[in-house]
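Hi,

Here is the structure I promised to send over. Have a look at it first, and my notes follow below.

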Amino acid sequence: MSQEIIDEVIASDYKYGWSSDIETETIKKGLTEDTVRLISSKKNEPGWMLEFRLKAFRHWLKMTEPTWPNVQYPKIDFQNIIYYAAPKQKIELENLDQVDPELIKTFEKLGISLEEQKRLSGVRSNIAVDAVIDSVSVKTTFKETLYEKGIIFCSFSEAVQEHPDLIQKYLGTVVPYTDNFYAALNAAVFSDGSFCYIPKGVRCPMELSTYFRINSAGTGQFERTLLIADEGAYVSYLEGCTAPMRDENQLHAAVVELVAHKEGEIKYSTVQNWYPGDKEGKGGIYNFVTKRGICLGERSKISWTQVETGSAITWKYPSVILKGDYSVGEFYSVAVTNNYQQADTGTKMLHIGKNTKSTIVSKGISGGHSNNSYRGLVRIGKKAENSRNFSQCDSLLLGDKCGAHTFPYIEVNNKSSKVEHEATTSKIGEDQIFYCKQRGLDNEKAVALIVNGYCRDVLNQLPMEFAVEAQKLLSISLEGSVG
Amino acid sequence: MISIKNLSARIESKEILKGFSLEVKPGEIHAIMGPNGTGKSTLASVLAGREEYEVTGGEVTFNGKNLLELSPEDRAREGVFLAFQYPIEIPGVSNVNFLKTAMAEIYKYRGLEPLSAKDFLAYFKEKQAIVEMGNDLTKRSVNEGFSGGEKKRNEIFQMAMLNPKLAILDETDSGLDIDALRIVANGVNKVRNSENAFIVITHYQRLLDYIIPDFVHVMYDGRIVKSGGKELALELEEKGYDWIKQEVAEEA
């Protein structure tokens, strides 16, 4: 495995930076109530959906952009963005032969097979993929296989048509459109995303995965994901994302909502690799994302694992509301920034139920001129008796021009709960690098190895295939980060 | 194998090596002894290519190549191994993964195909036996939480794995109890053959009871001031270093 990683390191730079020549339908730049109506009509949505969007849009107009994150960027002109772009391709596809070959090529280039076959030889479990390009889901694999077990895994648009009862029941219950500026914007203009429902007592037999790709220039991507694990259900969900290299900054404002009922469990893993901009900090994705899960029932569990290497600016706090008694929330994060990247990321663990437990492990790694902040809130409510939190926030500096910051917020409102917070900041050791060199590793490989070791606790949480991917990514993102 | 001529080096403005010369041929073991602060560890660091040291004069030829022009990693790939006096911890990186990566790099440099996973494992097990390293140690992260003795054994284990042409042991015996000393020395004796060579830096004669050197050199003030056979070590053990210092002073 390490050999592969090493080979990847040599192939320098952002390797997903190409764009595909896919026939695309876009609407005009700008955002008004008409834009919202147009998006809704393009998707042939029922009235209640349009109503939701319009309420969100009207609310958004009254809001202002948040300025509290520790990141800097020029003001975004929201009228200069295209809010809807879709490959000119019908969404309902009987089989792969009907998909535009350019689209298939696009995903093959990304290492994602849209054909339903085993992706890792020797590994039994398959991965079902929902591929989202620009604003639209182009293909969901293994849909029928999953449906036999009662599992619904489809694009969000399809769910609006086919499962309106479920969407109406859960949409906006975890992240209401009033939550924040970008959540409101997303609720107004979101175009697609993934929907997943695992029924009572069902353990999803394969990893579910959504692969997001921004392709068109000048567009924003606003997808929405909703995952529900009913009582005693289990699902492991993976999310990957890339974008072409462009000089402009593109906005990505997604919303992810997770709901775990009694004894339900959701494991959500992300490898975020949006285009980070070039070495001078030009271009790159603004990744302003709201991700939140709620442990509704007792003994439910939600676990977030993220490896963040991309985006010019990352602003996201995957959180868990621990409502059910004995519910468990976890957050494992590696955030790497290099060159002029900025990241302000962390989590919120909101303990409401009794005997709830949360774990936070965050590893921030900064190189170049980048800035990396951890921001985390642990709030233990009055009634959340005997609750526990353990947080560990480590920062690793790879140079002397980068920054690492930690902003922990801790609120404990009862006496029987226990909160532990550990934090370290260290600089990568010259001694460690020399030791590796003396064993035959060059500088880049030495750094990649040391950093991978540093992140092991988090990488171990990822499903195997993603772990390999993530290790490679770390090596690539760290190129030229030291010295 | 290695020819060091008139090597001088300094750290910051402090001159430490002052015209050090040594010739080592394949199959030989050279012991370097001497009082504290005479530049023994500096010699090891300079040969391995530590960047804090500035070479101010002299030359080093290793198997026909100018060693001083090579990067530290290329020196390692050419077959120079340094057993560190204070081995470094790399948390989260298993010994197996570390050595697999290192071997792959060295093989690639030499234009060889890397070992298959199966062959690597067999090779790993074989070398493990040499230094009596249990799986409990090899599975753990590189040197993390190892005792002083375990770290030194791990250095010898890595040496056995990487099979260098020239191994420099920088006070590998310091901090070892008698059992660990025996294991480390046994490891060296099993690795040595007619094609490789060792430079063993030590303070104490006792290591040389187990690793029999072909030559013993006394280093003082940045260079070798006296050379002899293994009996020189015994003489030093008995008489200390003062008489050497005196000899040097008289010559000057």
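A quick word on terms before the counts: helices here are DSSP runs of H or I with at least four residues, strands are runs of E with at least two, and both are numbered from the N terminus. Please also keep in mind that this is a predicted model.

Chain A first. On that definition, chain A has twelve helices and 23 strands. Of its 483 residues, 64% count as buried. The accessible surface of chain A is about 18,500 Å², and carbon and sulfur atoms make up 47% of that.

Now to chain B, where I looked at one sheet. This sheet is open, with six strands in the order S6-S9-S10-S3-S11-S12 and mixed pairing. Its edges are S6 (80-83) and S12 (223-228) of chain B, each of which pairs on one side only. On average, neighbouring strands in the sheet are turned by 20° against each other, ignoring direction.

At the S12 end, S11 (residues 215-220) of chain B pairs with S12(B) in the antiparallel sense, over five bridges.

H6 (residues 148-162) of chain B lies across S6, S9 (166-170) and S10 (197-201) of that chain, and runs at about 165° to S6(B).

Cheers

Technical notes: Residues are numbered from 1 along each chain as its sequence is written. Chains are lettered from A and ligands numbered from 1 in the order in which they are written. This is a predicted model: local features need pLDDT of at least 70, side-chain atom pairs count only at pLDDT 80 or more; totals for chains, interfaces and linings use all residues. Side-chain values use heavy atoms; hydrogens and water are left out. Two strands pair if DSSP finds at least two bridges between them. Axes are lines fitted to C-alpha atoms, for helices over the stretch in contact, and angles run from 0 to 180 degrees between N-to-C directions. Contact means heavy atoms within 4.5 Å. Buried means under 20% relative accessible area, exposed over 50%, partly exposed in between (1.4 Å probe, protein chains only). Accessible areas come from the Shrake-Rupley method with a 1.4 Å probe; for residues, only the protein chains shown count as cover.
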